[in-house]
Amino acid sequence: MPRPDALYLKPNVVAEPLFNQWYAWGMLIPPQTAAMFTAFHHAPTMRSYLAAPQAHAAAVKNPEMVGGPYVDHGGGRTDEIAALLARTERDLAGPIEFARGVKELVALLKREAKGYSLEPLYAKLPEALKGRVELVYDLQHRPSFRFLESLLYRTDVYDPRRQSLSLSLVDDDYRPFVFSTPRLPDDRHLWLNLPFADPRVDELFAMRGAPAPFEQIRDRLGVGPDDVDRFRRFFTAEAPPPPRRFEGPGVRVRYFGHACVLLETADVSVLVDPCVSYDYPNGLARFTYADLPPVIDYVLITHCHQDHLLLEHLLQLRHRVRHVVVGPQGTGALQDPSVKLLLRQVGFKSVIELGELDEIELPGGSIVGLPFWGEHGDLDIRCKIAHLVTLAGRRFLCAADTNNIEDRLYQQIRELVGEVDVLFLGMDAAGAPFSWIYGALFLEPLERKMDHSRRLRCSNNERCVGLVDRFNCKEAYVYALGLEPWLTYFMGSNYQADSPPIVESNLFVENCRRRGLRSERLYCKKELVYPPA
Ligand SMILES: [Fe+2]
């Protein structure tokens, strides 16, 4: 029996993870990428705001510019931004020096690595990089380098003291876009300065379902007297409905919005790319945290883009997740940080790497990793994987943003793995310019026309139909378009009826239905139940 003074965390408490007051996503955890984003995205964005705050305020109001590098503080609070910039330059001097060193290293390689031994260059490396990068050639004798990433996490380039959680209450769907605006303190938000890996994060979020005395969590989190009243607003005596697992028979599939899909049997639960709506009375019907099972056996992460690996939701679920399955570790290249190392650093104990055609056995089924080509600007990125999940004899392919660039790949895959019953596929057929995600990591400028030619595109109608035919799918669902109204905080898209993802997905659904498949573009909420095959 819970104590009479025990309280629950309210279902509409938002918990934004922050890194140095910026919304934390996958690239802000690995030391090498966090350093690059600090030096070449955050600091320049703050300088730009300080130089022309009103220009930023005007850009933020233009729906076409949502997702651009514009600070959303209404042209004001410049003193606080200037102070944050100064603090950044002081407190993150080590990572900034490291990031600048990476660019110096590139200049050094360009100047001196001409096909001869790279050994003499180690002595010429910037101090911040010495002992932390290996210099290499490829077989075309082009110089490059790789980071010793697991070592970097143990140096001053990684500083978990810059991590915090910002709690607030949400009562409707709209949340401003988060990636371009550093957070500043206000009355609505309470910051908890604790590293993401801290076990007290689990104690707090476990209170969504299991009550605890307010004084206990307050003491544990060190909330000071000035903040107690604000902190208390996040708790309630009202018990949420108890979490229920699916008891079968067969498989139940629930779509939570964007790329988040839950597959359950009586024996196992699998949650793909977690992104879960908070619970508040307004708006369209949807699944929320209350609709997840008490224990999630496997979380599957398809790739490290900010709309698929969402630390905000992963951290809140960590206490009920048994294993996380991620793509394979890459080669130590700047653009391809290890998601396994990243998640271990933020407190996940069991992180399993799944390579292409690797298999994990499940009770009554399996997960097979399938190649996920495209949608990464033609960069050499290994840490991405699609999942073929077999449960109760039914086969589900969660293909995320896979771009079916080459059907011969799937011809071979089909021969190896057989047919697929149900396909989930992203269809952002236009995609953002690839600098939108990777620009802060660029080591040399890229011409605009090249940036556009390498947009982060998923499959179009024709390529999706190719996949459906190749795998002889019975059902095909378009997902991962970020259409749900509660996703405004991480989706910079502003789709109209004639936007390519809408046009192409309409055509695709039509094509599938003409072929006799069940098909739709998923929106907000969907539940599918399949008897055992
Ligand atoms: Fe993506």
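Guide: Let's start inside, with the largest cavity, where the lining residues divide into seven nonpolar, four polar and two charged. Here Ala, Val, Leu, Ile, Met, Phe, Trp, Tyr, Cys and Pro count as nonpolar, Asp, Glu, Lys and Arg as charged, and the others, Gly among them, as polar. This is a predicted model, in which local features need pLDDT of at least 70 and side-chain atom pairs count only at pLDDT 80 or more, while totals for chains, interfaces and linings use all residues. Residues are numbered from 1 along each chain as its sequence is written, and side-chain values use heavy atoms, with hydrogens and water left out.

Visitor: Which residues lie nearest the centre of that largest cavity?

Guide: Cys304, Gln335, Asp336, Ile381 and Cys383 do, out of the 13 residues that line the largest cavity. A cavity is a set of points, on a 1 Å grid over the protein atoms alone, where a 1.4 Å probe fits but cannot get out, and lining residues have an atom within 4 Å of a point.

Visitor: And how much space lies in it?

Guide: The largest cavity holds about 70 Å³, and the structure has five cavities of 30 Å³ or more.

Visitor: Are Glu375 and Asp401 buried or exposed?

Guide: Glu375 is buried, with a relative accessible area of 9%, and Asp401 is also buried, at 3%; buried means under 20% relative accessible area, with a 1.4 Å probe and protein chains only.

Visitor: Last one: which residues of helix α7 are buried?

Guide: In α7, which covers residues 214-221, they are Phe214, Ile217 and Leu221. These three cover an arc of only 75 degrees around the axis, so they sit on the same side of α7, the arc being that of the directions from the helix axis to the C-beta atoms. Helices are DSSP runs (H or I, at least four residues), numbered from the N terminus. Just after α7, Gly222 takes a positive phi of about 65 degrees.

Notes. Buried < 20%, exposed > 50% of the residue type's maximum accessible area, 1.4 Å probe, protein only. 1 Å grid on protein atoms, 1.4 Å probe; cavity = no way out; pocket = protein on both sides within 12 Å on 5 of 7 lines; lining within 4 Å. Points joined across faces, edges and corners; volume = space filled by probe spheres on them. Helix = DSSP H or I, 4+ residues; strand = E, 2+ residues; numbered from the N terminus.
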